[in-house]
Amino acid sequence: MRKHGFSPHSLIEALHSVQDTFGYIDREALIFVSGSLRLPLSKVYGVATFYHYFTLKPQGKHTCVICTGTACYIKGVPALLDSLQAQYGVTLGETTADGELSVLSARCVGACGLAPVAVIDGHVAGKLTPESLLKRLEEVIHHELHHQS
Amino acid sequence: MSFTTNLEDLIHVRERVQTELAGRKHRIHVCVAAGCLSSGSADVLAALKKTIQERGLESTCLVKGVGCMGPCAGGPLVCIEPEGIYYAQVQPSDAEEIVEKLDREPVARLQMSTDEPFFTRQKKIVLENCGRIDPEEIDDYIAAKGYHALYKTLATMTPSEVIAEVVKSGLRGRGGAGYPTGLKWTTVAKTGKQQKYVICNADEGDPGAFMDRSILESDPHRVLEGMAIAAYAVGADQGYIYIRAEYPLAIERLRKAIKQAEQGTFLGKNIMGTTFSFHVELRLGAGAYVCGEETALIASIEGGRGTPRPRPPYPAESGLFGRSTLINNVETLANIAPIIRYGGEWYSQIGTAQSKGTKVFALAGKVKNTGLIEVPMGATLKEIIFDIGGGIPDGKKLKAVQTGGPTGGCIPEDKIDMPVDYESLAQVGSIMGSGGMIVIDETSSMVDVARYFMEFSVSESCGKCVPCRVGTSQMHDILSRVLKGEATEHDLAILEELCDVIKNTSLCGLGQSAPNPVLSTLRYFRKEYESYLRPAEQAAANNHGGVQ
């Protein structure tokens, strides 16, 4: 916020900083941002909920962002979602009960040449099939468990 | 004007880079744009560098990362210059063999044929440097005649001469609506002496479109140069690039490019030592499709919710912070440097009578060669899909082509002989849009596709005006019922009526074009809709039963 001189115009930049640092924007963060930029809390809340990129809920340990752009949709996103539902019991916007995995959606990650695409923990995986997606997710989740033991 | 950096300096950099290159027998280019990176090209680049180093070939062979080469589905891509050999699906383990055979024959099992129309039919102006230069090296850009146009502008042209050249070129906005760029510049320039802004719209929201991302990742300086020329022409000294937060690589490369350009005095205070100053800052979007609309984009840069407002006043009169503002799309700005370099006359000879120049398309969906292509305006859909795109895979039949993003239209198979330009597309009920082109084969249901697009519009409608907020969701409900087999002929009539209302009464471009996918599929694939319908008598009987 200091970078932008505490200007009310920098609200979106401030929210980006909060989310980059904490992974999500909680109530305290909203109140803090509203206080330091001298903006009404209602406006800060309005902006934070208007944009899809901001999330007010904590995410699971791992995230799987499914691209739901047109090219990915045509090339089989519905099948990917069915397989996630069957394996983990979650669909877009949900987190598994054990907090291991969040499934999110993106409008388009711009890798349409590789459709269908998912972004798993920040890494883009392309040309997915239900089998290869589940395999990738298993690897990511188990890799972590393995490290802990 | 007096210059501290002059043409000789630019030529000097160019010659230095060219001598460096001439000293090398081979140059290995590895694509490091987002598509290939996600297929693992960073490891390929590292493996090739390591192999060259181990064999002590650094002085004869250069390995570098370059921007998007185009055929993204074949990634990771590697190109050997000056021979012009393309390798597809390269793995790190292939590095040894590639280096081994540099002086001998190409590695046949990896080689892509470059005689195919994908390579021969394209005309590259915007993408001339993509896949050739290192996007993170300003010297590479200068060596490819970069910033020469900016120098020419400042040294030899008045602002009105610059605008005259852009008017002469016939360039039209590449963001979708196709408004003449020269006219937009003239309007902003005419607002007199005041604080003005230049905004580059890099909020590429259309799903299935990745032209702007590729340009920014592969050749960021070209866009900065275009912005600086535009700023000089209209009299602005501050610029913003509004870019989607979903494009982290493009953001990183732009940040680097701005820093390098400032160090080289191509941006910032006193550009090239002249009295002209122009500062550029990045502003990140946060995932709202409507922010591609110019008034919504301005609201978002100002830190608010991205909701559009009625026009006029247009941003040219009252834009960012209430000042006169020029907003151009990434691809539009990427066309500026070549227009200044070679003249508007040259540019206007490419394309059709109404649509000049070339257009970049993101070819995706059910087509063999998915990727980024650039063709002259007026090329036919058939050429794009069957020649350049290589046709439909798995022996399937083409059903429709969707252009213009989620608010564009679906063009049926029997119309693919039509030329692609702003007017022809509008005639068949679609729009040029930003350049996404999605090929749909016979396995997809057009009603389902239409519902998918409506779902998009429902979720992306900002909610400010009623026709768009309520209308799109009503249309989505009807389409869902059609798919479930619960709708009747009467519902189709309501659907058509809704389309008409939303199209004519919505506030901004999103609402006005949201019915396009439904209108165009109803127009060309009505039979498909009808096949889902329930007979009217049966419906009436059921309704009657409901009342009892």
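Predicted model: local features only at pLDDT ≥ 70, side-chain atom pairs only at ≥ 80, totals over all residues.

Student: What makes β6 and β7 of chain B a pair?

Tutor: Strand β6 (residues 196-202) and strand β7 (residues 238-243) of chain B are joined by 6 bridges. Two strands pair if there are at least two bridges between them; therefore β6 and β7 of chain B count as a pair. They run parallel, and B:Ile199 stands opposite B:Tyr240 in β7(B).

Student: Which sheet has parallel pairing, and in what order do its strands lie?

Tutor: It is an open sheet of 4 strands in chain B, with the order β8-β7-β6-β9.

Student: Why are β8 and β9 of chain B called edge strands?

Tutor: Strands β8 (279-284) and β9 (324-329) of chain B each pair on one side only. Neighbouring strands of this sheet are turned by 25° against each other on average, direction ignored.

Student: How do you know which residues belong to the contact between chain A and chain B?

Tutor: Two residues are in contact if their C-beta atoms lie within 7 Å, and the contact takes 37 residues from chain B and 32 residues from chain A. On the side of chain B, the elements that give two or more residues are α2 (34-38), β10 (358-365) and β14 (436-441). By class, that side has 17 nonpolar, 15 polar and 5 charged residues.

Student: How is chain A divided into domains?

Tutor: Chain A has domain 1 (2-50) and domain 2 (62-148). Taken over C-alpha atoms, the centres of these domains of chain A are separated by 29 Å.

Notes: Residues numbered from 1 in each chain as written. Chains lettered and ligands numbered in written order. Axes fitted to C-alpha atoms, helices over the stretch in contact; angles between N-to-C directions. Nonpolar A, V, L, I, M, F, W, Y, C, P; charged D, E, K, R; others polar. Domains from an automatic or database assignment.
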